[in-house]
Amino acid sequence: MIKKEYDNLSNGKEVNSKSQIYKVLPYLDDNGVMRSQTRISNTEENREKFGNDRINPSIMHRESHLTTLIIMKEHNLMVHNNEKTVVINLLQRFYINKVRRTVHNAIKNYCLECRIIHANPVAPLMGDIPFTR
């Protein structure tokens, strides 16, 4: 889905108005990375203070393997903290469509430690009644 938008931008065309990333005003930077334009992107003072990644976040596809790797790296840096912390840290540098659902699925499917911590206990099977009864 984002491939079409990337091809349009690289050919100098505009993104289709029915695209999911149309509202974030995507553009290609000097390195060919698709970024989002924000309201504070025009001032040099903000660019020096916050850096280009925070002012113009990179647009990532939610089903990309790279997106999953970035989510898991952030999750591990946060020492397996809750999903909200990971979402907040990701949104400072990246635009990911449906980010909360994407983070939830990535942690649920790929973090073995969290799966063990949040697992439901299995009830033990009842033993046989003794023969003397």
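Leaving aside its neighbours within four places in sequence, which residues is Thr-67 in contact with? They are Met-60, His-61, Arg-62, Ile-96 and Thr-102. Welcome to this structure, which is a predicted model.

**Thr-67**
- Thr-67 belongs to helix H4, which covers residues 65-77.
- Its relative accessible area is 1%, so Thr-67 counts as buried.
- The Thr-67 side chain also reaches the backbone oxygen of His-61, at 2.6 Å.

**Asp-29**
- You will find Asp-29 in the loop that runs between strand S1 (26-28) and strand S2 (34-36).
- Asp-29 has 16% relative accessibility, and it counts as buried because buried means under 20%.
- A polar atom of the Asp-29 side chain lies 3.1 Å from the backbone nitrogen of Asn-31.
- For the backbone nitrogen of Val-33, the distance to a polar atom of the Asp-29 side chain is 2.7 Å.

**The nonpolar cores**
- The largest nonpolar core holds 15 residues, and Ile-71, Leu-90, Phe-94, Ile-96 and Val-103 have the most contacts inside it.
- Two or more residues of this core come from each of H4, helix H5 (83-91), strand S4 (94-96) and helix H6 (99-110).
- H6 gives the largest share of this core, with 4 residues.
- Beyond its neighbours within four places in sequence, Val-103 is in contact with Ile-71, Glu-83, Val-86, Val-87 and Leu-90.
- A second, separate core has 7 residues, among them Ile-2, Leu-9, Ile-21 and Met-34.

Note on methods:
Residues numbered from 1 in each chain as written. Predicted model: local features only at pLDDT ≥ 70, side-chain atom pairs only at ≥ 80, totals over all residues. Heavy atoms only, no water. Buried < 20%, exposed > 50% of the residue type's maximum accessible area, 1.4 Å probe, protein only. Polar contact = N/O pair within 3.5 Å; in protein donor to acceptor, adjacent residues only side chain to side chain. Contact = heavy atoms within 4.5 Å. Core = buried A, V, L, I, M, F, W, Y, C linked by side-chain atoms within 4.5 Å.
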